[in-house]
There are 2 protein chains.
Amino acid sequence: MIKTIAFDADDTLWHNERIFLSTKEKYKKLLSKYHDKNWIEERLDKTEMRNIKHFGYGVKGFTLSMIETAIELTEGRVKGEEINEIIAYSKEMLSSPIEVLEGVEETIKEVSENYHIMVITKGDLFDQEAKLARSGLGDYFDDFEVVSEKNKLVYKKILSKYEIEPNSFLMIGNSLKSDILPVVDNGAHAIHIPYETEWFHEMVTDEEAKKREFISLRKMNLVIDWLENL
Amino acid sequence: MIKTIAFDADDTLWHNERIFLSTKEKYKKLLSKYHDKNWIEERLDKTEMRNIKHFGYGVKGFTLSMIETAIELTEGRVKGEEINEIIAYSKEMLSSPIEVLEGVEETIKEVSENYHIMVITKGDLFDQEAKLARSGLGDYFDDFEVVSEKNKLVYKKILSKYEIEPNSFLMIGNSLKSDILPVVDNGAHAIHIPYETEWFHEMVTDEEAKKREFISLRKMNLVIDWLENL
């Protein structure tokens, strides 16, 4: 029945949120002489939310938001060298080693033998392509789609482009909002594998989740069992 | 013979380089109290080249390069409000109205009736999607591909993904390096329509160009005649 399996990338195939969280820690430390760390974080989150419509998702937009917040918070007193430090964070993030999540490589390898497998990920194209290359997983996948938003229409377009029947499509990802609900709403299948932390943009209410039918698994390597038991 | 026509976007369908050039002018003016304008431009171009490997192409990477250069040039003396101004340029660029080039809409409209037509563009996914939407041309196209680099292999993959015979594929664009040479090297057809200015990253030597066979037209509306005379 299932012919195509699509995987989300960040925090499904490899650690990502971790890199943002550790950069945020460095950022708060850098600016801690100006303000309280909690206040810095609150303001940064607000800038980020406000800037999504300009910059979309990804490291570069996040970096511009960090710079903007630093100027705002210090009423322009932030030093050139401190902003330079923030730009250096972005280059570190963009080139940091990719830590593939536990059980992912074995699972991908096994399913790649019997299914058409692809990555469907949101974010910055350049950044995501570089991460796939650095992850060493690139060769397992038949297709790689980077989209700017993951909603019902975007999935519908992908299904139509690859001539995939919704009923034969399975999406696996850590975000209910991006990987699960819009897929189920297209009549396709979805497996939710929660990550250790959840990004505030990606949260959905219990009610929204309860309206849909999907599978939730604790770890990637349980996917194989699930497929075998179909 | 030709079944699919693909168009480059920036400076082929709409003005783009212009927006970068006018931002550069504002940037040089902003920093002119610190340095000579030519020197500022030279340094910015160098930072941009150096940062392509980190940031790829697009407004956000360009903005980070402007900020980095401003700090470097002023040895950190650049003011917070000046950096804020640079961030404001980026938001302006990202939301500036799209000026479709002369003859483009009529041509696209006409060819869309008889050919499978698509956009193949390099750059930032979020940015390019937003521009296509703002251009009002989106509905004419059957497919839209944003790639991080345009080389022989990337075109080969696209042709294979859409099951297009190279001989039935025509690419139209303003850049010899990105739109013409790698397409011709795949055995497909290409029409070069030069833009009013050429970006320094995109220049190729006469020799490289002379080795390939392609058509060069002065304006987009000449494409229709060319197709009719095939």
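This briefing walks through the cores, domains, chain contact and a few helices and loops of the structure above.

The structure is a predicted model, in which local features need pLDDT of at least 70, side-chain atom pairs count only at pLDDT 80 or more, and totals for chains, interfaces and linings use all residues. Residues are numbered from 1 along each chain as its sequence is written, while chains are lettered from A and ligands numbered from 1 in the order in which they are written.

**The nonpolar cores**

- A nonpolar core is a set of buried Ala, Val, Leu, Ile, Met, Phe, Trp, Tyr and Cys residues joined through C-beta atoms within 7 Å.
- A residue is buried if 20 or more other C-beta atoms lie within 10 Å of its own, exposed if 12 or fewer, and partly exposed in between, with C-beta atoms placed from the backbone.
- The largest nonpolar core has 72 residues, and those with the most contacts inside it include Met171(A), Ala190(A), Met171(B) and Ala190(B).
- Apart from this one lies another core, of 40 residues, and Ile83(A), Leu44(B), Ile87(B) and Leu94(B) are among them.
- Met171(A) is in contact with Ala6(A), Asp179(A), Val183(A), Ala188(A) and Ala190(A), once its neighbours within four places in sequence are left aside; two residues are in contact if their C-beta atoms, placed from the backbone, lie within 7 Å.
- As a general background, nonpolar side chains tend to be buried together in soluble globular proteins.

**Helix H1 of chain A**

- Helices (H or I, at least four residues) and strands (E, at least two) are DSSP runs, numbered from the N terminus.
- Helix H1 of chain A covers residues 17-30, 14 residues in total, and reaches 20 Å from its first C-alpha to its last. That is close to the 20 Å expected at 1.5 Å a residue, where the expected span is 1.5 Å times one less than the number of residues.
- Which residues of H1(A) are buried? They are Ile19(A), Thr23(A) and Tyr27(A).
- Seen down the axis of H1(A), these buried residues fall within an arc of 75°, so they line one face of the helix; the arc is that of the directions from the helix axis to the C-beta atoms.
- Leu21(A), Glu25(A) and Lys29(A) are exposed on the other side of H1(A).
- Helix H3 (59-73) and helix H4 (80-95) of chain A are what the buried residues of H1(A) pack against.

**Helix H5 of chain B**

- In helix H5 (residues 104-114) of chain B, the buried residues are Val104(B), Thr107(B), Ile108(B) and Val111(B).
- They cover an arc of only 95° around the axis, which puts them on the same side of H5(B).
- Glu106(B), Lys109(B) and Glu113(B) are exposed on the face of H5(B) turned away from its buried side.
- The buried residues of H5(B) pack against strand E1 (4-7), strand E2 (116-122) and helix H10 (222-228) of chain B.

**Two domains in chain A**

- The domain assignment of chain A gives domain 1 (4-14 + 98-228) and domain 2 (17-95), with bounds that come from an automatic or database domain assignment.
- The C-alpha centres of domain 1 and domain 2 of chain A lie 28 Å apart.
- Their contact takes 10 residues from domain 1 of chain A and eight residues from domain 2 of chain A.

**Where chains A and B meet**

- The contact takes 29 residues from chain A and 29 residues from chain B.
- H4(A) gives the most to the side of chain A that touches chain B, with eight residues.
- That side of chain A divides into 11 nonpolar, 10 polar and eight charged residues. Here Ala, Val, Leu, Ile, Met, Phe, Trp, Tyr, Cys and Pro count as nonpolar, Asp, Glu, Lys and Arg as charged, and the others, Gly among them, as polar.

**Residues in loops**

- Glu163(A) is found in the loop between helix H7 (152-161) and strand E4 (169-173) of chain A, and its phi is near 50°, a positive value in a residue other than glycine.
- Glu163(A) is exposed, with 6 other C-beta atoms within 10 Å.
- Glu75(B), in the loop between helix H3 (59-73) and helix H4 (80-95) of chain B, also has a phi near 50°.
- Glu75(B) counts as exposed, with 10 C-beta neighbours inside 10 Å.
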